Amino acid sequence: VSAAGETLLLQAVEGAAKLGSTYLGGVIFSAMGKYQVQLSPAGRENCVKGLTKVAHRAKELGVTLGLEAVNRYESNVINTVAQARSFIEDIGADNVKVHLDTYHANIEERGMAQAVEEAGEDLGYVHVGESHRGYLGTGSVDFPTFFSALKSSGYQGVVTFESFSSRVVSPDFASSLAIWRDMWSDGDDLAGHAKAFIGTALGI
Ligand SMILES: [Mn+2]
C-alpha cells in the first residue's frame, strides 16, 4: 500500500511539474479518510520514507511539497501544525512545508495565533476556510486573530480560499469530505465575497 502511494505521489509530482506548477500539497501523507485506529510507528515510518523519496524527486523538478494538517476525521497522520513540523524535521528536505488550513486548525489547534506561530518559517501554503466551509465570516473561525498573526509572521506565500457546497460537488467527493449541506450555489458571488474579505483582513 505504501509503495502504491509513493508511485502515485511521484506521478503527481511529475504531472505538477509538467503543468508548470511549483507546489503540490494537501493530504499527501496517507489516504484521506476517517481512521478507526491510531497511526502506528511502522505506519509513520512508511510515511517518512515515502515522502523523503518523493521530496527528493520534487526538488529535482522545482516542486515544493505541502503537508496539510487536517482534522481527525480526515486523517490519523497529521492533524496539527506541530505534527506537520515533526514530519518535516524527520524528512529533512527544505522543499517540504507546512500547509495550514483555518477550517482544520479551528478544530485541532489551541488557537489561530498559535497555529501560525508554530508553523513559523516552515509555513508554505495557506487555505482559508470557514468552520462550515461556506461564506467567510459567517461561521466560528477567528479570522481577525488568524490574519493578524499571518501579517505579523511575514508570510509572503499564497492564500487560497477553499469552500464546498453539496450543490456543486460530486456525490463521491461530497461523501469523502462530508459535504452534506447546500451552503451556496453561486460560485462567482462566493469567490468575490472571499476575495474582498481576505483583502480587507490583510489590508491589501
Ligand atoms: Mn484545505
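**The manganese site and its surroundings**

Four residues hand protein donors to the manganese ion: Glu68 (OE), Asp101 (OD), His127 (ND1) and Glu162 (OE), at 2.0 to 2.2 Å from it. A donor here is an N, O or S atom within 2.8 Å of the metal (3.2 Å for Na, K and Ca), and since water is not among the atoms, sites may look incomplete. Keep in mind that this is a predicted model, where local features need pLDDT of at least 70 and side-chain atom pairs count only at pLDDT 80 or more, while totals for chains, interfaces and linings use all residues. Residues are numbered from 1 along each chain as its sequence is written, and side-chain values use heavy atoms, with hydrogens and water left out.

Along the chain, the donors follow the spacing E-x32-D-x25-H-x34-E. Two of them bring distant parts of the chain together: Glu68 sits in strand S2 (residues 64-68), Glu162 in the loop between S5 and H7, and they are 94 residues apart. Those labels are DSSP runs numbered from the N terminus, with helices (H or I) needing at least four residues and strands (E) at least two. With a relative accessibility of 6%, Glu68 counts as buried, and at 18% so does Glu162. (Buried is under 20% relative accessible area, exposed is over 50%, and partly exposed is in between, using a 1.4 Å probe and protein chains only.)

Arg133 and Glu162 are both buried. For a salt bridge, the cut-off is a Lys or Arg side-chain nitrogen within 4 Å of a carboxyl oxygen of Asp or Glu, and that rule gives twelve of them.

Helix H2 (residues 41-60) makes a handy comparison. There, Lys49 and Glu45 form a salt bridge at 3.6 Å, N to O; they sit four residues apart in the helix, so about one helical turn separates them. Lys49 counts as exposed, at 52% relative accessibility, and Glu45 as partly exposed, at 47%. Further along, the closest N and O atoms of Arg57 and Glu60 are 2.7 Å apart in another salt bridge. These two are three residues apart in H2, which again means about one helical turn between them, and Arg57 is partly exposed at 26%.

Back to S2, the strand that carries Glu68. In the largest nonpolar core, 45 residues in all, Leu65, Leu67 and Phe146 touch the most other members. H2 gives this core its largest share, six residues. A nonpolar core is a set of buried Ala, Val, Leu, Ile, Met, Phe, Trp, Tyr and Cys residues joined through side-chain atoms within 4.5 Å. If you skip its neighbours within four places in sequence, Leu65 is in contact (heavy atoms within 4.5 Å) with residues including Val13, Leu51, Val54, Ala58 and Val96. There's also a second, separate core of five residues, Phe164, Val169, Leu177 and Ile179 among them.

Helix H5 (residues 112-119) has its own buried set: Met112, Ala113, Ala115, Val116 and Ala119. They lie on the same side of H5, because they cover an arc of only 165° around the axis; the arc is taken from the directions from the helix axis to the C-beta atoms. Among the elements covering these buried residues are strand S3 (96-101), S4 and H6.

One last stop is the loop between S2 and H3, where you'll find Asn76. Its 18% relative accessibility makes Asn76 buried. The Asn76 side chain reaches the backbone oxygen of Val37 at 2.9 Å. That falls under polar contacts: N or O pairs within 3.5 Å, where within protein one atom must be able to donate a hydrogen and the other to accept it, and residues adjacent in sequence count only if both atoms are side-chain atoms. Beyond its neighbours within four places in sequence, Asn76 is in contact with Tyr35, Val37, Gln38 and Leu39.
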